[in-house]
Amino acid sequence: MIRKLLRVTMMLGLLAVVGGLGRTDVLRADQDDRDDGDGKRPPQTLPSGFESTDKLLRDVDRAERAPLHSAWIVESSRFLNVPHRAFQPDVGDPAFVDLPVNVGIIKGPDGKLTLYDSGWKQLAYIFNWNTSCCWYGIRNQLHAIGLNPDDVVRIVLGHGHWDHAGQLSEFPDAVLYIQKEELKQIDFFLNYPVDFNGGHIRAVNTINPLTGAQVGPPQQTCARSPVCGYPPQTVQEILGKVLHGKAKIVDGRHEIASGLVIHPAFRGHTYGSQLLQVNTGRGQLVFGSDTYSSWTGIRDWFVANIQQTDTIQQFLAYEKCYVLTSRLNSFNNCISAHEPTSYTAAYPITSNWWNIPGGNCSRAAELVLAPGETTHVPAHPDRTPPSQCVSVIPPHPITP
């Protein structure tokens, strides 16, 4: 009898639980997982980082009615002899590759310029912490390819790592667009608890995590650990914009202007990574910084530049590019930060390239021109192969 009563009680309790699941107050967590009318979002995405296919295609519809933009990339510097599998785990041939650090330049119908990323200028980081070459200041690069650096009105930061956020202060009047999630990540990593992982991981590469001693450069103490990438001078560049009222902090999708739309790619590389959709005569270009660090990775569905990357989020960002570019040129319009085949015919959109005059072996490529914009490619472009171009290391102090 007692056993029978226990069974009845358990059944009634189970029915009560199941019945309770039908109440809306209990389903609040499930409701929080819903998009605003386009269906449920994947559970592994942040609400502000989710965009449905329908939403993305509506952005394409709007953009196609917007003015057309011109676009170029320039090479801020070049990482040399990077182990290929450290960059693309699925690709090992050749064993070592050189990786450009690409910066996007977008010219609007008003003649004003938008930069996507800014490269870097902290020369100790470039030459003493990394095996790099070919650095040339971006203001000089803009002048050399026939653009006025004083026309830069905004900088969209794909993410805040040292090789992408290093020249923000070169444009004191330009407004920085950065995700709230990126600032939250920087704040967390700069104060990363030393008791995690026995104190072996810190954000600032110049600090020995075990002793607190200042050691770099050229020494590195955190190498490619998940919280690297925000050394002091880089943080100063970013927070300098914020503290001087020259930053627009966004949370997810944000339309900057007609034909220019920011799309979140949270954890596609860093917590606050973001893409930039640009309306052009060759369709929608999508600049992706290190979320799209490798164009061949998007083409072949390989992960790339895995430091700090959640590979699920990276692939979801790849899908965003496929949707946004689906009407014209598809993944060929995905603009990567570190594609090894940049500035060659192997990466078609960058095949119209040249060595920047006086640019210390740095390169530029003209991606697309809007109606009325004349080419900025020299009449006789210097296309000396990188292996035959000799760059110099500018004199610089070695400071953190």
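Guide: Let us begin with the link of C321 and C334, which is left-handed, with -120° about the S-S bond. Please keep in mind throughout that this is a predicted model.

Visitor: Which parts does the pair of C321 and C334 tie together?

Guide: A disulfide is read by asking where its two ends lie. Here C321 lies in helix 10 and C334 in strand 12 (residues 334–335), so the pair ties together parts that are 13 residues apart in sequence. The S to S distance of this disulfide is 2.1 Å.

Visitor: Is C321 buried or exposed, and is C334 buried or exposed?

Guide: The cut-off for buried is under 20% relative accessible area. C321 counts as buried because its relative accessibility is 0%, and C334, with a relative accessible area of 0%, is buried too.

Visitor: How many disulfides does a search of the whole structure find?

Guide: The search finds three. Another of them joins C361 to C389, with an S to S distance of 2.1 Å, and because the torsion about its S-S bond is about -95°, this disulfide is left-handed. C361 lies in the loop between strand 13 (353–355) and strand 14 (363–368), whereas C389 lies in the segment after strand 14, so the pair ties together parts that are 28 residues apart in sequence. At 8% relative accessibility C361 counts as buried, while C389, at 26%, counts as partly exposed.

Visitor: What is the S to S distance between C133 and C134?

Guide: The disulfide that joins C133 to C134 has an S to S distance of 2.2 Å. This link is left-handed, with -65° about the S-S bond, and both C133 and C134 are buried.

Visitor: Leaving aside its neighbours within four places in sequence, which residues is F287 in contact with?

Guide: With those sequence neighbours set aside, F287 is in contact with A71, I73, G104, I106, Y116, L275, L276, V278, Y292, I335 and L367.

Terms used: Residues numbered from 1 in each chain as written. Predicted model: local features only at pLDDT ≥ 70, side-chain atom pairs only at ≥ 80, totals over all residues. Heavy atoms only, no water. Contact = heavy atoms within 4.5 Å. Disulfide = S-S within 2.5 Å. Buried < 20%, exposed > 50% of the residue type's maximum accessible area, 1.4 Å probe, protein only. Helix = DSSP H or I, 4+ residues; strand = E, 2+ residues; numbered from the N terminus.
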